[in-house]
Amino acid sequence: MTMRLQTVKDLLAGRDDPALMTEARTIQEQVFGRDIYLRGIVEFSSVCCKKCLYCGLRAPNKHAVRYRLPLERILDAALLAHELGLGTVVLQSGDDYSYTADDICSLVETIKSESPLAVTLSLGDRPLEEMARFRDSGADRYLIKLETTHPGLYARFRPGEHIRDRLERVEALRDLGYEVGSGIIVGLPGMTPDVLARDVLRLAELDLDMLAVGPFVPHASTPLAHEPQGSLEESLRVAALLRILSPRSNIPATSALNSLARGKDEQGRALGLRAGCNVVMPSLTPEEVRRAYEIYPGKNAFTENARQSVAAVVSMIRNQGLRPSSAQGFAPRREHAASAARRPPGHRHGGPQERGQVVAD
Ligand code: SF4
């Protein structure tokens, strides 16, 4: 669907929230039924060589607690996803190149051989040849955030980088046969209503498999510490607009929504589900380090361990009258010919036909 820039601006300003949310939920139900896909995320390294102004893991932050999990520990945490009934594991880190391509390939291969999990990688910028090797090892998806598509703001917030390169990387990952996910931050300093509306339209135009949105949450140990936080309401409107503009993409209710919601625990993500989101990503990061993965304050603050975080989201999803699904949850937005070609026989393909599995208590 297409939408005029002014219409997007009006809706982002709250012109007609009830109609916007109803439309988003209706589309969500038509495409995904009551199923909410669960993706367990293992944040395996808090080390990063980049300097993104909005992020608590940025290299110059001397207060950040840095950790690197050994490969065996990452593998244990990843396989826990299967044990807990989830269909996907996401391996995420800062831009930490101390893990070699061989390390990542071996992790992916072992996860794929020991479980039916879909594997998503979120490792930041790696050489394209490495990304091709990860794909050949069996990785299904790659997440690479944009945060904003405005060239000036992008260059300001990600020093030394250019949005053109990021967009080229998105295309390159798609050419490699990955399902590709990306996203934006709502309320970055200097992000005018016009910039945000254009970001929403641009993100939808990219025709991605996963679209994420979260509010800007200032981190005390970054140069943006004293900037105002983003708006929860505006973030929910962006999620709803993305659902309408890109009906068959996966859209996660991000953990950043929780940190701005009044009340506690999973309230922000529950609001995300009511705005048309269809994915939740509980953290499976081991107890001893999970609070150190502080890209924004309070991330992973609500639960102590992986089992608790899965139980909390399962309960939240059920309380919304929805169904936590253990399907791999490939986006039903297009046929993944390349993916199918690389999957072993019997490997599940994504789409509505995946419905039917429900996460057990
Ligand atoms: Fe590193 Fe990502 Fe944070 Fe940027 S946003 S500093 S690349 S972890």
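This is a predicted model: local features need pLDDT of at least 70, side-chain atom pairs count only at pLDDT 80 or more; totals for chains, interfaces and linings use all residues.
Figure 1. Residues are numbered from 1 along each chain as its sequence is written, and side-chain values use heavy atoms, with hydrogens and water left out. The protein has 13 helices and eight strands, taken as DSSP runs (helices H or I, at least four residues; strands E, at least two) and numbered from the N terminus. Its radius of gyration is 19 Å, close to the 21 Å that the globule rule gives for 361 residues, so the protein is as compact as a globular protein of that length. That radius is taken over C-alpha atoms, and the rule is 2.2 Å times the number of residues to the power 0.38. The C-alpha trace spans about 50 × 45 × 40 Å along its principal axes. Of the 361 residues, 61% count as buried, meaning under 20% relative accessible area, with exposed over 50% and partly exposed in between (1.4 Å probe, protein chains only).

**Figure 2. Helix α2 and its buried face.** Helix α2 covers residues 17–32, and at 1.5 Å a residue its 16 residues should span 22 Å, which agrees with end C-alpha atoms 22 Å apart. The expected span is 1.5 Å times one less than the number of residues. Leu20, Met21, Ala24, Ile27, Gln28, Val31 and Phe32 are the buried part of α2. Looking down the helix axis, these buried residues fall within an arc of 130°, so they line one face of α2; the arc is that of the directions from the axis to the C-beta atoms. Over on the other side, Pro18, Glu29 and Gln30 are exposed. What do the buried residues of α2 pack against? Their partners are α1 (5–12), β1 (35–45), α9 (232–245) and α11 (267–274). Just after α2 comes glycine 33, with a positive phi of about 65°.

**Figure 3. Zooming in on valine 31.** Valine 31 sits in helix α2 and, at 9% relative accessibility, counts as buried. Serine 93 is 62 residues from valine 31 along the chain, and their C-alpha atoms are separated by 31 Å.

**Figure 4. Around the ligand.** Cys48, Lys50, Cys52, Tyr54, Cys55, Arg58, Gly94, Asp95 and Arg158 surround the ligand, each with a heavy atom within 4 Å of it. By class, this shell has four nonpolar, one polar and four charged residues.

**Figure 5. Proline 218 in its loop.** Proline 218 lies in the loop between β6 (210–215) and α9. Buried or exposed? At 17% relative accessibility, proline 218 counts as buried. Leaving aside neighbours within four places in sequence, proline 218 touches Leu224, Ala225, Glu227, Gln229 and Pro297.

**Figure 6. Two loop residues with positive phi.** Most residues other than glycine have a negative phi. Glutamate 147, however, has a phi near 70°; this residue is in the loop between β4 (141–143) and α6 (151–157) and is buried, with a relative accessible area of 10%. Aspartate 207 has a positive phi of about 60°. Its loop runs between α8 (193–205) and β6, and aspartate 207 is partly exposed, with a relative accessible area of 42%.

Definitions and conventions:
Contact means heavy atoms within 4.5 Å. Ala, Val, Leu, Ile, Met, Phe, Trp, Tyr, Cys and Pro count as nonpolar, Asp, Glu, Lys and Arg as charged, and the others, Gly among them, as polar.
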